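Student: Please walk me through this model, one feature at a time.

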Amino acid sequence: MSNSLPQNAVNTLEQLQGKFPGYRRAHAKGEFYEATFIPNGNAIPYTTAPHLQQEPVAATVRFSNSPPDPSAADFLSPAKGMAIHFHQPDGSISHQVCTTVPMFVTKDPKTFIDMLKILGSHKTGIHSVDLGLGVAKLLTTFPEHKNTLLTLKEQLKQPPISYAALNYYPIHAFFLVNAEGKRQSIKYEWHPLKDEKSPSILDNIHLSKNYLHEDLEKRVEKGSVGFELYIRIGEDTDPTDDPTDKWPSDRQKILVGRLTINKKVLPTESLLFDPTIVGEGIDLSEDPILHFRHDAYAVSFDRRNKEDEKTP
Ligand code: HEM
C-alpha cells in the first residue's frame, strides 16, 4: 500500500521534523512503566470486559511526548501521551491510547495530513516546527477547527508540571457491551490522583530538556503516581463518529477503577499500542479517525521494526 492514505500520513510525519530510524513516527520519546489496574465493579452493568470487572490486572503504560523527534525537549511538546496495555487473565491485551487533549482536530484523516503539511512548512530549526506560526496558519486555512486548535495552542503555552498531574483522554467514543449484549456508548477519561498547577511559561526556561521523564521516575520511586478511570455515558444525541466533539459536560460520569504506576521498566520487545485492539466487552465506534489510526500505526510499527537502530 505504498500510495495509501496511511502511508501518506506516515510519510508526512517523517517530513515534519526529519526521519528517526527505529523510532515511532509520532510520540517518539517515551518511557515504559509496570502498573496495576484495580476495577471497582461499577462498570459491570455495562460490560463483560475482564479488566472492568472486580479483579486487578497488570498493565504496561508508556508516557510520551507527541513530536516525531525523540530528542525534542519535554516542554515543547503540545500534547502528552499515555498508552496502556491491560493484561487480561486469558493472556489477551486490551489497549487504550490517550492524550492530554480532550478532542482531535478533525474527523477526516485527509484533513489531518493537510494540517501536518502546513505545520511542516513552519520549521525554524533543523528538527523543530514552529507551532505558534503553524497554528496561526492552520487557523486561517481551517477556521471550522478553531476550538480544538486554540485548545492545543493553550496546552503549548502551559507545559505541565508532571505526567502524573494530567488528565488523559482516548478521545473516541466506544461501546461497552454487557452480558445481555446491550451496547452503551461511552467516552473514557483519566484523572490524576494529584492535581497540581502547571508552571508558568517563565518558569520553563529553568526546566531540563527531560524534566517530565525525570520527574515521573522520581515520583514513581516514591510510590505516589496513580490515575482514576471514569466512563462518561453517552446519550442518543451524542455523536459516536466525531472525535472533534467532546459531548456535553453534564453527561453522567462513573468512576470504574484506579491505575497505580509501580515501576519503570525497559521493555524486552517492540510494543505496539493500537487503539482499535479493545477485546471482549468493548466495541469500536464508527469514528473514521479511530480506524485510520489502526492502519497508520501499523505502517509506523512496520518501518521502525525493520530499521537497524531499534528502540522499543
Ligand atoms: C489521523 C490521526 C492520527 C495519526 C495519523 C496518528 C499517527 C501516529 C503514529 C504514526 C504513531 C506511532 C505509532 C507506532 O509506531 O507505534 C502514533 C502514536 C501515538 N498517537 Fe497518534 N495518530 C493520530 C491520532 C491520534 C489521536 C486522536 C490520539 C489521542 C487519542 C493519538 C495519540 C497517540 C499516542 C499517545 C501515541 C503513542 C503511542 C505509544 O506510546 O506507543 N494519536 N500516532
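Student: Which residue does the UniProt annotation "binding site" cover?

Tutor: UniProt positions follow the numbering used here, feature names are shortened, and annotations may be inferred rather than shown by experiment. In this case an unreviewed entry marks Tyr297. The model is predicted: local features need pLDDT of at least 70, side-chain atom pairs count only at pLDDT 80 or more, and totals for chains, interfaces and linings use all residues. Residues are numbered from 1 along each chain as its sequence is written.

Student: Is tyrosine 297 buried or exposed?

Tutor: A residue is buried if 20 or more other C-beta atoms, placed from the backbone, lie within 10 Å of its own, exposed if 12 or fewer, and partly exposed in between. Tyrosine 297 has 21 C-beta neighbours inside 10 Å, so it counts as buried.

Student: What is tyrosine 297 in contact with, leaving aside neighbours within four places in sequence?

Tutor: Contact means C-beta atoms, placed from the backbone, within 7 Å. Tyrosine 297 meets Leu272 and Asp274 on that test.

Student: What is the strand order in the open sheet?

Tutor: Strands are DSSP E runs of at least two residues, numbered from the N terminus. Two strands pair if DSSP finds at least two bridges between them. Here 9 strands run 4-3-2-1-8-7-6-5-9, with antiparallel pairing. Strand 4 (93-99) and strand 9 (282-284) are the edges; each has a single partner strand, so one side of each lacks a neighbour in the sheet.

Student: How many bridges join strand 2 to strand 3?

Tutor: There are 8, between residues 57-65 and residues 80-87, running antiparallel. Phenylalanine 63 has methionine 82 of strand 3 as its bridge partner.

Definitions and conventions: Two residues are in contact if their C-beta atoms, placed from the backbone, lie within 7 Å. Helices (H or I, at least four residues) and strands (E, at least two) are DSSP runs, numbered from the N terminus.
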